[in-house]
Amino acid sequence: MTVDETLKLIAQQWCNLSDLMKLALTIKSKIKNDLEKEGYYVPKNAVPMQEVVKYLNIDIDYLESRSKNLKGDVKIA
């Protein structure tokens, strides 16, 4: 997806599944290309989840703490 196509896509007020898939494929391609430039072999249909988490800046520690809190595993003083 080109820069112009990306901008046009994200300028929309609503995101449908097709739009989300286009963005996901762009992210997958970027991660794959970056890893291959570093000399890694990446299978055609997948990228390492660790790289997806890093790219999307997912805070695993926060999610784990929220999960424990919601399950009642953490006592709040």
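The model is predicted.

**The nonpolar patch**
- Helices H3 (49-56) and H4 (60-71) each supply at least two of its residues, and H4 gives the most, with 3.
- Ile 60 sits in H4 and is partly exposed, at 43% relative accessible area.

**Helix H4 from end to end**
- At the start of H4, a side-chain oxygen of Asp 59 comes to within 3.3 Å of the backbone nitrogen of Asp 61.
- The 12 residues of H4 span 16 Å from first C-alpha to last, close to the 16 Å expected.
- After H4 comes Gly 72, with a positive phi near 85 degrees.

- Lys 30 pairs with Asp 34 at 2.7 Å, N to O; the two are 4 residues apart in H2, so about one helical turn separates them.
- Lys 30 is partly exposed at 40%, and Asp 34 is partly exposed at 28%.
- Lys 32 pairs with Glu 36, their closest N and O atoms being 2.5 Å apart; these residues are also 4 apart in H2, about one helical turn.
- Lys 32 counts as buried at 17%, whereas Glu 36 is partly exposed at 35%.

- Glu 51 and Lys 54 meet at 3.4 Å, N to O, and lie 3 residues apart in H3, about one turn.
- Glu 51 counts as buried at 18%, while Lys 54 is exposed at 55%.

Definitions and conventions: Residues numbered from 1 in each chain as written. Predicted model: local features only at pLDDT ≥ 70, side-chain atom pairs only at ≥ 80, totals over all residues. Heavy atoms only, no water. Buried < 20%, exposed > 50% of the residue type's maximum accessible area, 1.4 Å probe, protein only. Expected span 1.5 Å × (residues − 1). Polar contact = N/O pair within 3.5 Å; in protein donor to acceptor, adjacent residues only side chain to side chain. Salt bridge = Lys/Arg side-chain N within 4 Å of Asp/Glu carboxyl O.
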